[in-house]
Amino acid sequence: MIIRDQLPTTPYLEFTREQWAALRNSVPLTLTQDEIKKLKGINEDLSLDEVAEIYLPLSRLLNFYISSNLRRQAVLEQFLGTNGQRIPYIIGIAGSVAVGKSTTARVLQALLSRWPEHRTVELITTDGFLHPNQVLKERGLMKKKGFPQSYDTRNLVNFVSEVKSGVSPVTAPVYSHLIYDVVPGDNKVITQPDILILEGLNVLQSGTDYQRASHHVFVSDFVDFSIYVDAPEDLLQGWYINRFLKFRQGAFSDPDSYFHNYAKLTEEEAVEIATQLWTEINGLNLRENILPTRERASLILTKSTGHAVDNVRLRK
């Protein structure tokens with residue numbers, strides 16, 4: 001006899017790579033190899049197959065959700081007898097440092113903007129809502145950059161709330177990875193897009209992650225569909241170290257780079273420092289603040305070696 005209480009339960013439908021790829025349903029690939037090359041991160045392999053088998057089915061699913069959301073807005077307008085403002089659909093993308101969130105965001109932006117509906121798609125990273133370095137130094141938080149307390153959460157929530165209220169235009173601060181800081185006086189203007197992709201470590205965090213916060217509304221409250229990009233921690237650490245080494249040979253060599261001194265390190269020294277940064281900051285933040293938000297996501301993409309997605313979980 002089967003006892004129901006002993007059966008494993010999950011709120012997700014699980015797909016192998018092959019099962020997920022079959023859901024593409026003949027959607028044409030509108031990106032060329034050269035375009036895909038420009039979308040990928042410094043430390044990632046992104047093939048045509050990866051886009052066709054993982055991101056095209058995902059863009060098809062999102063297009064269904066967005067169309068459904070628009071129909072729901074039309075029903076509300078019919079009920080109220082109004083011609084309401086166009087309310088952007090917000091897609092949140094979360095996950096660890098070095099997992100490839102930015103690449104996922106850029107690929108989805110490119111694909112969703114090329115559907116026959118020709119929707120406008122804007123992309124914002126939550127890095128711009130980090131407190132400036134000067135504030136972090138004053139608060140002793142430079143080694144907690146990326147942790148919940150390092151963000152100007154009130155400003156971020158206000159931004160997302162305005163977007164979701166149909167306010168236009170709205171502005172978002174800009175972050176520079178070169179100077180490792182928010183750029184003073186530089187803002188990106190968002191003018192009522194059809195879709196806003198919000199990418200960052202903290203987009204799925206809520207009140208349990210900000211227990212000392214005086215406010216009770218969080219970014220996750222405004223997200224319509226959320227994606228968590230996942231990978232085992234040993235792979236994440238390896239990707240982070242490899243990315244650090246590539247930056248050492250590239251961006252760090254720029255005299256204006258905040259990490260310019262790292263360009264002078266030997267490879268052995270660079271690996272040692274990158275490992276320390278992972279252990280003391282990024283790995284710790286992953287375990288304490290990022291990974292616990294994974295099960296809140298609408299969809300989880302799990303990567304294996306080579307940044308290839310081999311498993312997809314979709315909330316029922």
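Biologist: What radius of gyration does the protein have, and what would a compact globule of 316 residues have?
Modeller: The protein has 20 Å, which agrees with the value near 20 Å for a compact globule of 316 residues. That radius is taken over C-alpha atoms, and the globule rule is 2.2 Å times the number of residues to the power 0.38.
Biologist: Before we go on, what are the ground rules?
Modeller: It's a predicted model, where local features need pLDDT of at least 70, side-chain atom pairs count only at pLDDT 80 or more, and totals for chains, interfaces and linings use all residues. Residues are numbered from 1 along each chain as its sequence is written, and side-chain values use heavy atoms, with hydrogens and water left out.
Biologist: What does pLDDT average?
Modeller: The average is 90, and 93% of the residues score at least 70; pLDDT is the predictor's confidence in each residue, from 0 to 100.
Biologist: Where does pLDDT stay under 50?
Modeller: Over residues 1–7.
Biologist: New topic: which peptide bond is cis?
Modeller: The one from Ser168 to Pro169, with omega near -5 degrees. Pro169 sits in the loop between helix H6 (153–164) and strand E4 (170–176). Helices (H or I, at least four residues) and strands (E, at least two) are DSSP runs, numbered from the N terminus.
Biologist: And what is the phi of Ala98?
Modeller: Positive, about 75 degrees, although Ala98 is not a glycine.
Biologist: Is Ala98 buried or exposed?
Modeller: Buried, with a relative accessible area of 10%. Buried means under 20%, exposed over 50%, partly exposed in between (1.4 Å probe, protein chains only).

Conventions:
Contact means heavy atoms within 4.5 Å.
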